[in-house]
Amino acid sequence: MSLNLDHAAASPVSPAVIDAITSYLSSTESANPSSRHEPGERAARALTEARARIAAELGCRPAEIVLTSGGTEADNLAIKGIALADPRGRHLVTSPLEHEAVRESCDYLRHAHGFEIDVLPVDAEGRIDPASLAAAIRPDTTLVSITYASNEVGTVQPIPELAAAARAAGTRMHVDAVQAAPWFDVSPLALGVDAVSIAGHKLGTPTGFGALLVRAGVPLEPLVHGGGQERGRRAGTENLLGAVALAAALAERPRRRLEAAEVSAARDALIDGILRAVPGSILTGSRRHRLPGHASFCFPGTAGEAVLIELGMGGIVCSSGSACAAGSDEPSPALLALGIAPEVAQTAVRFSFGAGFTTEDAERVVAEVAAAVAAVSGMARR
């Protein structure tokens, strides 16, 4: 039986979400929530109810939620929308561990609008020192954007401390919490930030659903113009089905957070086992400050893609890094920022999983990894 250990790309759709979607589709006729007739008004009420449930789970107000197509759109809307709506200058601060959506949005502002971008240093585990952020913020810094947890190396950042540094300097802060949302409190109020991005398909919805949480009073220039939906922040007919699915997925977060300790124990068994069974293997990211369902390694002397193929033949489904950078032959910027040599960075393999992953599963994966690395290393020597 195969093991899906690529939840950082997309987690399995939750049965509760499937039930919510099925119930909605079977009990409600299709209607536009903006239509001024009875079916449209029923759709509008359903959307209002779903938005209220989402807000309750995320610790914010319904009006602070902008429904999006996923984390990439939410990141784009946060960075471009905040930076262009009411800039105090044309300077941004970010990190080298960001998702492509953050990096490319910052680069767009650089080449299209003349913004300057400062990329903070990280230590060998990928952690950012709040003092380095405080030193990087200038009087013309409009926005700081830092990921809560890296999708590639699993490192969790000290977001409340970083947010305090941003607030003290008078600049706004956005957090990409796509990977963190299943496990941690991502309320903008709790974190002390102005905007938070989440994606439904990391929480148990189908792909294509997400949200940006924007604190009241934060100006936001829309990316999409039209009918003024989402309080003028994102035009277009609202994705009512996506709102229903996201509300159902978020309702399962309390249970998932209770299971974090068990998942972390299985993760630690996987990390310890691979480091013992595979000589020369390197854990990437922080051992202590790490997502519960994440373990990532480099295997010097191999090729990451070749190891993935061997693991796939053994029924282990995993990845070499971010799904959104699939097909790139360049070493990961995140791994290079950790001080890993380019040729070693290209041997990266990532395992990401949810509450169903056990220590018994970890033992199986360790054995398969040891065999795969030995096979690939043998081919390389020949």
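**Reading the terms of a predicted model**

Modeller: Of the contacts (heavy atoms within 4.5 Å) that join residues at least 6 apart in sequence, 75% are between residues at least 24 apart. This is a predicted model, in which local features need pLDDT of at least 70 and side-chain atom pairs count only at pLDDT 80 or more, whereas totals for chains, interfaces and linings use all residues. Residues are numbered from 1 along each chain as its sequence is written, and side-chain values use heavy atoms, with hydrogens and water left out.

Colleague: What makes the radius of gyration agree with that of a compact globule?

Modeller: The radius is taken over C-alpha atoms, and the globule rule is 2.2 Å times the number of residues to the power 0.38. For 382 residues a compact globule would be near 21 Å, and the protein has 21 Å, so the two agree. The C-alpha trace spans about 70 × 55 × 35 Å along its principal axes.

Colleague: How many helices and strands does the protein have, and what makes a run count as one?

Modeller: There are 14 helices and 12 strands.

Colleague: Why is Leu-47 called buried?

Modeller: Buried means under 20% relative accessible area, exposed means over 50%, and partly exposed lies in between (1.4 Å probe, protein chains only). Leu-47 has 6% relative accessibility, and is therefore buried. Leu-47 belongs to helix 2 (residues 38-58). Beyond the residues up to four places away in sequence, Leu-47 touches Pro-33, Leu-67, Glu-238, Leu-240 and Ala-243.

Colleague: How do you know that helix 8 is mostly covered?

Modeller: In helix 8 (residues 240-250), 10 of the 11 residues are buried. Among them are Leu-240 and Ala-243, which are also contacts of Leu-47. The cover over the buried residues of helix 8 includes helix 1 (15-27), helix 2, strand 2 (65-68), strand 7, strand 8 (210-214) and helix 9 (253-258). In the protein, buried residues amount to 54% of the 382.

Colleague: What makes Glu-100 and Arg-103 a salt bridge?

Modeller: The term requires a side-chain nitrogen of Lys or Arg within 4 Å of a carboxyl oxygen of Asp or Glu. For Glu-100 and Arg-103 the closest N and O atoms are 3.4 Å apart, so the pair qualifies. Both partners lie in helix 4 (residues 100-113), 3 residues apart, about one turn of the helix. Glu-100 is buried at 15%, while Arg-103 is partly exposed at 27%.

Colleague: Why is it said that the pair Asp-194 and Arg-172 ties parts together?

Modeller: These side chains meet in a salt bridge of 3.6 Å, N to O. Asp-194 lies in the loop between helix 7 (188-191) and strand 7 (195-199), and Arg-172 in strand 6 (residues 172-176), so the pair ties together parts that are 22 residues apart in sequence. Asp-194 is buried at 14%, whereas Arg-172 is partly exposed at 28%.

Colleague: How many salt bridges does this rule give?

Modeller: The count is 14. One of the pairs is Arg-267 and Asp-268, whose closest N and O atoms are 3.0 Å apart. Arg-267 is buried at 7%, and Asp-268 is partly exposed at 25%. Shared partners also join Glu-38, Arg-42 and Arg-45 into one network of salt bridges.

Key
Helices (H or I, at least four residues) and strands (E, at least two) are DSSP runs, numbered from the N terminus.
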